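Hi everyone, thanks for making time this morning. Please have a look at the model on the screen, and then I'll walk you through a few spots in it.

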Amino acid sequence: MFDPDIAPSGTLLGLLQRGRGDGTLHALAAPRAEALAALNDSVLRDPRRDWQVENRSLYYARLYMQLDGGLEQIERHLFHPDDLVDTGEERTGLALAVLGHLAAYGRDAARLLLRSYAAAGSNWRWALDELALRDDDAGLMTLAPAVLARFPETEEGEAELAAAVRDAFEPRPWRLWAEDPRYGARLAAAGEQGSFDRWQRQLRPSGPRPGWSVTEVLEWAQQGLELEPVEQRHHAAARCLGAVAGPEDRPELLRAAHSAPDAARAAVLHHLAERGDPATLDLIEAAVADLFSSEQLVSAALAAFTRMRSVAAIERARIWAPRTDRLGAAAAAVLARRGGLRDAEPVLAALRRTVREEGPDADGLWELVDGTGRLGVGCAAPVLRHIYRETSSSHLRGRAAGALAATDPGFAAGFAVECLWDCEETTRELAARHAATGDDRVVEQLRRLAADPAEEDEVQTAVRSRIGPEGS
C-alpha cells in the first residue's frame, strides 16, 4: 500500500486516476490531446492506492481504443533506463496490463511491444503472462531464446530457472517450450527440481508439531518476533491452540492473556474470541487500554473483537461505539456488520466522524459504508456521495455506490449512470442492474458491454437481464 499523488476529483486527471466512469465521459468530450495526456499520466504513474487489487487496466485500455491513442509514451516508459534499477512490478505492471488488453482488442503494436519487453525488460514475467493469454504459439516460441538466456547454465542459474518455472502464473509458455527438442531436456529438469523443492519444504515444516502443549505453542508464537525478517505468528498460533488446548488449560490461557509477551498474548486473545470465552471482552478492553501494549497486540485485540459474533459482543459494541478511540471505531464496525436497525445512529455518527477526521480514504470507512447500506440509513446519502466523489480507492467507491443504491432514491438516474463506465467490474455490475434506461447513453453502454468480449461474465449477465427479452 502507498499513497499516490492524486489530482483533485473535479479535474479530468483526477477522474481518470480514480477510475471513475465520469473520467471516460469527460475524456471523450475533451480535446483529444488533453485527454491523451491525462490518460498517459494515469497509466505511467500508477495512481492506485493498492495496485495489487484495484482494477484500472481494462478501463484505460478501452479509453486508448476510443481515443485511438498511440503507444509511444508507454514504450518510452517501459524501456527507460529506470527499468534497469527500479525493477519493482508496480512501476511497469499497469502499463503491461493495459498492453495486454489492447492486444486482446487486436492492437498488433501492443502485442509486439509486449514481446520486446518480455525479451529485454526487468518485469519480463508480467509481460510473458500477458502474452500467454493473448499471443499465438509462434509468437511465444520466438521468446524462448531470450527468456532462457536470462538463466545461465550454472548451478545458480538452473536453480533460478526451476523457481521461475515453478512459480509461473501462466504456465503455457513454459509447457510450449518444453515440447521443443532444443529446450525440452533443460525445462524438464527445471520442472523436476521445482517439484523436489516443494517436497523438501513439506518434509521440513517449521511450525508446531503434534504433541506440543499450550506453553510450547505460545513460545513458538513469541519466537517469530526474534527472526529476521520478523514473522507474525499469532494467527497461526491461535489455530494451533484450537487443536491442543482443552478445558483444563483455561487458567493458563487467562494468565497468558493478562501477562504473557505480546505475541503470545495476541494468540490467546484470538483463540478465546473464537471460542466465545466470557472473559474475552474484558481482556480485549484491557489490552487496548494498556499504554504499554504494542501495536501488534492492540491490532490483534481489535481484530479478535471484530470477528466475534456472539450476542454479548454486539451488546458490548453498543457500549463502546460512542468512544472516539480505536476501540470505539472497532465497535462501530461490528455494529455496521452485524447490528440491527437500532444501531443505525451510532454507525452513521462513526461514518461522519471518520470522514471528518481522517478523510475519504480512511481505512475504517469500508465497514461503515457497507453498514449504512445494509441498515438503510437514508440520511447517510450526503456523506456517501462525498466519499464516492473524493475517495482515491475504486473499491471503496464501489462500496459507496452499493450503499447509495440502498439509501438514495436518485441513485438510478444519477451516479448509477456513470458507474456503467467505472473501472471496477463489481461497480459496473451494480450499475447494470440499477441505471435508469431513460438516458440514451445507458442503453448504448449496456449494449456495448454486452458485446465486449473483455467484459466480465457477471457484468454481462446483469446487462442481459436489462436488455434481453425478459428485460424488454
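Let me start with how elements are named: helices (H or I, at least four residues) and strands (E, at least two) are DSSP runs, numbered from the N terminus. With that in hand, Asp 82 sits in the loop between helix 5 (72–78) and helix 6 (89–104).

Before going on, a word on where this comes from. This is a predicted model, in which local features need pLDDT of at least 70 and side-chain atom pairs count only at pLDDT 80 or more, while totals for chains, interfaces and linings use all residues. Residues are numbered from 1 along each chain as its sequence is written, and side-chain values use heavy atoms, with hydrogens and water left out.

Now the overall picture. The protein chain has 29 helices and zero strands, and its C-alpha trace spans about 70 × 65 × 45 Å along the principal axes. Of the 472 residues, 50% are buried; buried means under 20% relative accessible area, exposed over 50%, and partly exposed in between, with a 1.4 Å probe and protein chains only.

Asp 82 is partly exposed, at a relative accessible area of 39%. Together with Asp 86, Glu 89 and Glu 90, Asp 82 forms a negative surface patch. For a patch, residues need over 30% relative accessible area and no salt bridge, and like charges are joined within 9 Å.

Another loop residue is Asp 68, between helix 4 (57–67) and helix 5. Most residues other than glycine have a negative phi. Asp 68, however, has a positive phi, near 55°, and counts as exposed at 55% relative accessibility.

On to the aromatics. How many aromatic pairs does a search of the whole structure find? It finds eight. Rings of Phe, Tyr and Trp (its six-membered ring) pair if their centres lie within 6.5 Å; planes under 30 degrees apart count as stacked, over 60 as edge-to-face and the rest as tilted. Tyr 59 and Tyr 60 have ring centres 5.3 Å apart and planes at 65°, so they are edge-to-face. Both Tyr 59 and Tyr 60 are buried. Trp 124 and Trp 174 also make an edge-to-face pair, with 6.4 Å between centres and 65° between planes. Trp 124 is in helix 8 (residues 124–134) and Trp 174 in helix 12 (residues 172–178), so this pair ties together parts 50 residues apart in sequence. Trp 124 is buried at 5% relative accessibility, and Trp 174 is buried at 6%.

The structure holds 35 salt bridges, each being a side-chain nitrogen of Lys or Arg within 4 Å of a carboxyl oxygen of Asp or Glu. In one of them, Glu 418 and Arg 20 have their closest N and O atoms 2.7 Å apart. Glu 418 lies in helix 26 (residues 415–419) and Arg 20 in the loop between helix 1 (12–18) and helix 2 (21–29), so the pair ties together parts 398 residues apart in sequence. Glu 418 and Arg 20 are both buried.

Finally, Asp 282, Glu 285, Arg 316, Arg 323 and Asp 325 are linked in a salt-bridge network.

Key:
Patches are made of residues with over 30% relative accessible area and no salt bridge: like charges are joined within 9 Å, nonpolar side chains (Val, Leu, Ile, Met, Phe, Trp, Tyr) within 5 Å. Accessible areas come from the Shrake-Rupley method with a 1.4 Å probe; for residues, only the protein chains shown count as cover. Lys and Arg count as positive and Asp and Glu as negative; His and the chain ends are not counted. The place of a charge is taken as NZ of Lys, CZ of Arg, CG of Asp or CD of Glu.
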